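Student: I would like to work through the charged side chains of this protein with you, step by step. Could we begin once the sequence and structure are in view?

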Amino acid sequence: FILYSCLSASLFLTNSCAVNPVTGKKQIVLMSEEQEIAMGKEADPEIVAQYGLYENKALQDFITQKGREMAAISHRPNLKYEFKIVDSEILNAFAVPGGYVYFTRGIMAHFNNEAEFAGVLGHEIGHITARHSVSQQTKAVLGQVGLIGSMILVPQVADFAQPLSQGLGLLFLKFGRDAERQSDELGVEYSSKIGYDAHEMAGFFNTLERKTAGTQAAELPDFLSTHPNPGERNVTVNNLSVEWKKKLNLKNPNINRESYLRRIEGLIYGEDPKQGFLEKDVFYHPELKFQFPTPAGWNYQNTPQRIQLAPKDGKALLMMTLGKGNTLQDVMNTVIKNNNLQVIESNQITLNGLNALAVIADVKPQQGQQNSSVRTMSYYIQYNQNIYVLLGACSSTDFNSYSEIFSQTMKNFKELKDTSKLNKQPERIRIKTVKQSGTLKQALASYKISEGRMEELSILNGMQLTDNVQQGSLIKIIAN
């Protein structure tokens with residue numbers, strides 16, 4: 001995987017001191033600025049392929065405009081920055097070395113004004129300008145710290161997972177308190193310098209903490225899992241915002257609540273059904289018109305490239321992806337070769353009217369091993385113009401425990417005919433005008449928001465249900 005390769009190559013460099021662009025102090029890093037930029041250029045298409053871009057030109061133009069404006073006044077204005085919205089419901093923003101910044105549509109949905117957005121944008125640009133990712137990766141290599149991925153799987157089974165644990169996991173190494181504190185400072189500085197009220201950035205931390213208090217299972221870590229929350233962070237940011245207002249003589253800094261809310265009208269909220277969705281332990285894909293059951297209680301992630309499921313203890317993996325090849329045999333041979341498998345059993349079958357191959361195979365033992373430590377079950381299913389690969393993997397000793405679970409999922413892959421699933425529409429952010437002054441809860445009730453979703457909507461609006469809202473002001477609701 002390219003990120004891992006780049007980092008590995010850098011080990012052959014002589015340790016060198018570089019001047020940090022923000023502090024002006026010397027620091028030990030294992031890569032030059034040119035290598036840092038090259039890493040970002042190589043990683044970007046992988047990230048786009050993995051998560052997909054959210055198609056909203058107006059919103060994309062907005063973050064590009066603000067990003068370039070902020071980059072121009074940053075400590076590294078000469079980098080060629082790129083700013084993108086990825087199609088994930090999770091609340092996160094992250095930066096790649098060399099000038100690449102990504103916001104999820106999930107975090108864009110939870111901002112309630114431009115100033116909140118600008119603070120987080122400055123924070124992420126700060127990670128780049130201060131070379132935090134480069135420093136963190138250097139420490140990880142020098143200290144031989146293990147890389148982290150977005151799913152916790154046993155080491156043997158992880159070989160089959162999307163290579164987050166080797167590559168993209170580098171992007172999600174947790175920053176330390178000093179790096180987070182510095183990025184907060186830079187977020188305040190940069191957003192203030194382009195005219196925003198950095199005080200709003202502190203308020204958004206409260207939204208993040210409320211939203212991520214529960215558990216989430218999806219393709220990206222949430223913001224607070226990759227940006228640990230140092231104590232007194234809100235107080236510090238508030239104090240810094242006051243200092244920068246005085247320093248820049250900002251008498252009336254921008255917040256721009258209404259204009260931001262108008263920008264996100266119609267933004268998809270939550271899972272987008274057209275990309276496939278999980279409902280009551282069944283995965284449905286309306287565009288490709290198939291469905292299959294999933295094991296109850298397993299963690300789940302759905303990306304443009306594959307669907308992955310795993311039990312919470314990480315002892316098994318079940319995934320589905322599109323096969324590469326023209327025939328079932330071609331696809332099977334490719335999977336066997338790519339995963340170094342040794343076939344134990346292979347059968348041609350008919351599965352719900354579809355031609356298929358059912359295969360049991362072991363990962364070939366490594367040198368010095370008598371037996372394989374990993375066993376797989378895979379089905380190759382021909383449906384319409386595609387060949388689908390469903391593969392389950394676990395340790396050989398656990399295979400008897402998981403084989404029936406794998407089999408139930410694979411044997412029940414079939415055509416999706418239910419029109420209610422085929423035509424399911426995503427939920428979207430809708431911007432509404434408060435009809436009468438009162439509490440947020442009363443305003444939401446006037447738009448027939450159910451009691452069960454009141455707290456969710458209060459977080460989305462960055463308020464408490466008991467907060468007062470004025471007639472004529474704008475709030476967010478969720479509707480199709």
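**Salt bridges in a predicted model**

Student: Is Lys57 buried or exposed, and which residue does the side chain of Lys57 meet in a salt bridge?

Tutor: Please keep in mind that this is a predicted model. Exposed stands for a relative accessible area over 50%, and Lys57, with a relative accessibility of 63%, therefore counts as exposed. The side chain of Lys57 takes part in a salt bridge of 2.8 Å, N to O, and its partner there is Asp61.

Student: Why are Lys57 and Asp61 separated by about one helical turn?

Tutor: Both residues belong to helix α3, which covers residues 57–72. Lys57 and Asp61 are about one helical turn apart because their spacing within this helix is four residues.

Student: How many residues apart are Lys424 and Glu279, which form a salt bridge?

Tutor: The closest N and O atoms of Lys424 and Glu279 are 2.9 Å apart. Lys424 sits in the loop between α15 and β18, whereas Glu279 sits in strand β7, and this pair links distant parts of the chain, with a separation of 145 residues.

Technical notes
Residues numbered from 1 in each chain as written. Predicted model: local features only at pLDDT ≥ 70, side-chain atom pairs only at ≥ 80, totals over all residues. Heavy atoms only, no water. Salt bridge = Lys/Arg side-chain N within 4 Å of Asp/Glu carboxyl O. Helix = DSSP H or I, 4+ residues; strand = E, 2+ residues; numbered from the N terminus. Buried < 20%, exposed > 50% of the residue type's maximum accessible area, 1.4 Å probe, protein only.
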